Every structure is written in C-alpha cells, then in structure tokens.
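Colleague: I am new to this structure. Please show me how to read it.

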Amino acid sequence: MGSMNRASRLFVVSMLFQVPAFAAGMQEMNPPAEPDPSRMMALVGARLIDGNGGTPIENAVVVLRGSKILAAGPRGKVAVPNSTQTVDVSGLSLLPGLIDSHFHSRNTVKTPVEFELQNGITSFRDPGHPFKYYEEVLNSELTMPRVFLCGGHLDGPPPVWPDQAELIQDAEHARRTVKAHVERGASAIKVYFRLPLEHVHATCEAATEHGVIVTAHLELVDADVAIRAGVRGIEHITSFGTALASPTEAEQFRAAVFADSNARRELRHRLWANIDLDSSPNAKSLVDTIVAQHVFVSPTLAIFEARHGERDATEVQVRGFGNMLRFVTLCHQAGARIVVGSHTSAPFAERGRAYQRELELLVEAGLTPMEAIAAGTKHNAEFFGIEERLGTIEPGKSADLILVDGDPSQNIAAMKNVKHVMLNGNWFGDSP
Ligand SMILES: [Zn+2]
C-alpha cells in the first residue's frame with residue numbers, strides 16, 4: 001500500500017480522536033432525528049425574517065437539503081435545483097425556530113411540547129433544574145425541542161430550593177461540581193443567589209477551563225461584582241437591583257433576603273420602585289460593564305409584570321416594574337445583548353405563552369419587533385454557543401424553522417400565531 005498521503009493521514013487521525021462535528025459549540029442533550037440527507041425541499045413565497053434583525057424579504061425562497069439550509073433569498077435570485085419538492089408557503093412569515101434561554105420542566109414530557117415546541121420554540125435551556133428532572137424528557141419517544149441543561153444550580157446555605165441545588169461547601173467543591181456537570185452534558189453553569197462571591201469566582205474559573213459560561217440569578221451579590229468575577233449571563237432583570245439602588249436600600253434588601261430568602265418576592269419591586277435611574281450613580285457604569293464584558297441579559301420581564309388596576313397590583317409594584325422595563329431600555333440603547341427567556345409561565349400570559357409575552361414586553365422596552373425576534377433567535381444562539389448551526393436562516397445552518405400567520409415585523413403579537421414548526425428538517429405536526 002505504501003505510505004499514506006497527508007489527507008488520508010489526517011483522516012485517520014480525526015477518526016481516532018473522534019473530532020466532534022461542532023467542536024466550538026455546545027450540544028443539546030437530545031440531538032433530533034435526521035431526515036433523508038438527500039431530500040430536497042423549497043419553501044416558496046413566504047416573508048423571510050432571517051433572525052439577523054434586518055428588513056424582511058417578501059416572496060422569498062428557502063431551499064433545504066436533508067436537515068440543512070442550502071440557500072435563502074428573494075424568489076428569482078435563489079436557484080431551485082431540479083427534483084426539489086416545492087412547498088407553497090405564501091401568506092406566511094418564515095422565521096428561525098425560537099430559542100428560550102429560561103425554561104423549567106420537571107419530569108413531564110408535556111410542558112416541553114405544549115409550551116415550547118408547539119409554539120415555535122425549537123431549543124430551550126433550563127438554567128438550573130437538576131439532570132434528574134429531565135430523565136423522562138430525554139428518554140421519551142416523542143419529538144422534543146432541543147434540550148440544553150445546566151445541571152442543578154450552585155447555591156450556598158441554606159439552599160433556596162434544596163431539591164434542585166448543589167449546596168457548595170468550598171471553592172474546590174464548586175470546581176468539582178462544574179466538572180461533573182459538564183461531563184454529564186451541561187452546556188452552561190447556573191449560580192444561584194446564596195452562593196458566596198468567592199465561590200462564584202471559583203465557579204467561573206472552572207467553567208472557563210471546561211469551555212462553558214456561567215449565568216446567574218442574583219439577589220445578594222451585586223451584578224457588577226459578579227460580572228467582574230466572570231459571570232457572562234444574567235437571568236432576571238431583578239438581578240441588577242442591588243447594584244442600582246442606593247447603598248442604604250441595597251443593604252437593607254440584602255440583610256432581609258439573607259435572613260429569609262423568600263423576602264425577595266415582596267421586597268424586589270419595592271427596591272426597584274425607589275431606584276432613580278436618572279440620578280443613580282451606578283446605572284451608567286453598570287450598563288458600560290454589561291456592554292464591555294458582552295454580558296447576555298435575559299430580563300424575564302414577563303414574570304415581574306405589574307399594571308395599574310390589574311391583579312391587585314400596588315402602586316409600588318407598578319412603579320418597580322416600570323423601572324425594570326426602563327433599565328432594559330437603557331441596556332438596549334447602549335448596545336447590550338438582550339435575549340429572550342420565558343420562565344415557563346407569567347401572570348399576563350395565557351398558558352404556554354410566556355415567551356410571546358416576553359417578546360411583547362421587549363418591544364414595549366424599545367426594541368423593534370425585528371430586534372426582539374433577533375433577541376430570541378440569533379442572540380440566544382450566541383448565548384447558547386450554537387450560533388454556528390442555529391439561530392438564523394442562512395446557508396449551512398440546520399433547518400429549525402417556523403411559519404407564522406401575519407407579519408411579526410410590524411406587530412410582534414403575531415408571534416402567537418405559529419402555524420407550522422420544522423425541527424432539524426422534519427415537520428413537527430402538520431406540514432404546510
Ligand atoms: Zn428560573
């Protein structure tokens with residue numbers, strides 16, 4: 001046979017080391033089924049909203065081969081190869097599958113399908129429920145959205161959710177937990193609000209070593225301090241509260257929540273009601289830090305929503321929520337990366353519609369509908385580390401697609417009208 005040439009040597013080497021298909025990206029726990037890789041399909045006539053935030057393309061063509069997007073663009077400019085199955089989707093808007101950065105499920109196959117996949121969410125991440133809550137989902141024969149997990153969140157004593165938390169004893173324990181979570185498939189690590197700052201540090205160091213990011217729910221550690229320690233995702237707009245409030249109010253809040261974790265529920269809106277974003281000495285430097293460190297902000301506004309005269313809201317709650325909205329506006333205007341997290345359910349959302357409510361609130365905070373859609377697609381894909389293969393409709397990406405009735409680029413409420421969902425090139429439910 002003689003000596004191998006360079007190409008075949010490289011081939012043998014790559015086979016030996018099993019180079020993963022997405023070496024730089026994160027993997028879902030449950031890669032979806034692959035369609036026939038030679039199958040050709042063209043979706044013709046839709047309004048194309050590709051997830052990048054630019055102007056929609058009317059009367060577009062998207063060509064698929066197997067699970068991949070081959071081409072996308074205006075009709076007449078995209079070549080449709082012979083023997084391609086053509087699907088007329090005129091009158092609908094075609095978008096990337098939505099990505100939810102904050103969804104919780106617990107041993108049920110129902111919510112991931114009924115709340116997420118049916119409503120166009122093809123990927124979600126659970127920030128902090130333990131792996132054991134997903135055994136049923138991951139062993140299910142049913143089609144599920146792509147599931148990204150963090151493993152149980154890292155917390156300090158006494159843990160807020162004993163059944164979900166990894167109760168961290170010391171820095172070394174934090175490092176071991178990160179390693180064990182990543183080895184089990186965690187694609188990010190979640191720190192919870194009783195974890196002391198020194199262990200947040202250790203967690204971030206270990207996460208960097210293992211190639212994943214840390215995302216945080218904060219009440220006691222200030223957000224700017226956590227970001228300086230290496231945290232790159234912030235879950236819940238309320239996590240910024242103590243960094244924005246006056247030092248006295250922040251200290252009172254911390255003391256009350258330190259004494260009783262449950263105090264946060266009532267005190268958060270009060271803390272926010274008294275934040276003066278116009279004269280807060282910290283608002284500008286905090287926003288600058290968020291932008292400079294490329295922090296992903298997942299506001300989950302929908303779970304904090306409070307409105308005059310509705311659901312027994314107090315003046316304090318309404319004012320607090322108003323300031324939360326306004327802080328999202330400031331982050332967005334400064335160029336921060338806002339992403340969409342549903343938190344599964346929300347007071348002003350119908351069952352399974354918290355994600356859509358969050359999109360509406362982001363528009364109320366000043367994002368254009370196209371920016372809000374990008375927050376839920378392209379930017380969440382970046383947050384998950386999967387932007388090489390998901391999050392936009394572009395050649396080479398995987399065909400996670402949704403078809404929506406109406407024009408969400410004009411009216412974000414149209415995102416409630418998801419008619420068809422494609423996961424990895426396969427229709428979920430009805431095909432058009
Ligand atoms: Zn949560």
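Colleague: Is H102 buried or exposed?

Modeller: Buried means under 20% relative accessible area and exposed over 50%, with partly exposed in between (1.4 Å probe, protein chains only). H102 is buried, with a relative accessible area of 1%. H104 also counts as buried, at 17%. This is a predicted model: local features need pLDDT of at least 70, side-chain atom pairs count only at pLDDT 80 or more, and totals for chains, interfaces and linings use all residues. Residues are numbered from 1 along each chain as its sequence is written, and side-chain values use heavy atoms, leaving out hydrogens and water.

Colleague: Which atoms coordinate the zinc ion?

Modeller: Donors are N, O and S atoms within 2.8 Å of the metal (3.2 Å for Na, K and Ca); water is not among the atoms, so sites may look incomplete. Here NE2 of H102 and NE2 of H104 coordinate the zinc ion, at 2.0 to 2.1 Å.

Colleague: Which residues of α8 are buried?

Modeller: Helices are DSSP runs (H or I, at least four residues), numbered from the N terminus. An α-helix has 3.6 residues a turn, so residues three or four places apart point the same way. In α8 the buried residues are A250, F253, R254 and V257. Their arc around the axis, taken from the directions to the C-beta atoms, is only 100 degrees, which puts them on the same side of α8. They pack against α7 (241-244) and α9 (263-273). The face turned away carries the exposed T248, Q252 and A259.

Colleague: What is the mean pLDDT of the chain?

Modeller: pLDDT is the predictor's confidence in each residue, from 0 to 100. The chain's mean is 94. Over residues 1-23, pLDDT stays under 50.

Methods. Contact = heavy atoms within 4.5 Å. Helix = DSSP H or I, 4+ residues; strand = E, 2+ residues; numbered from the N terminus.
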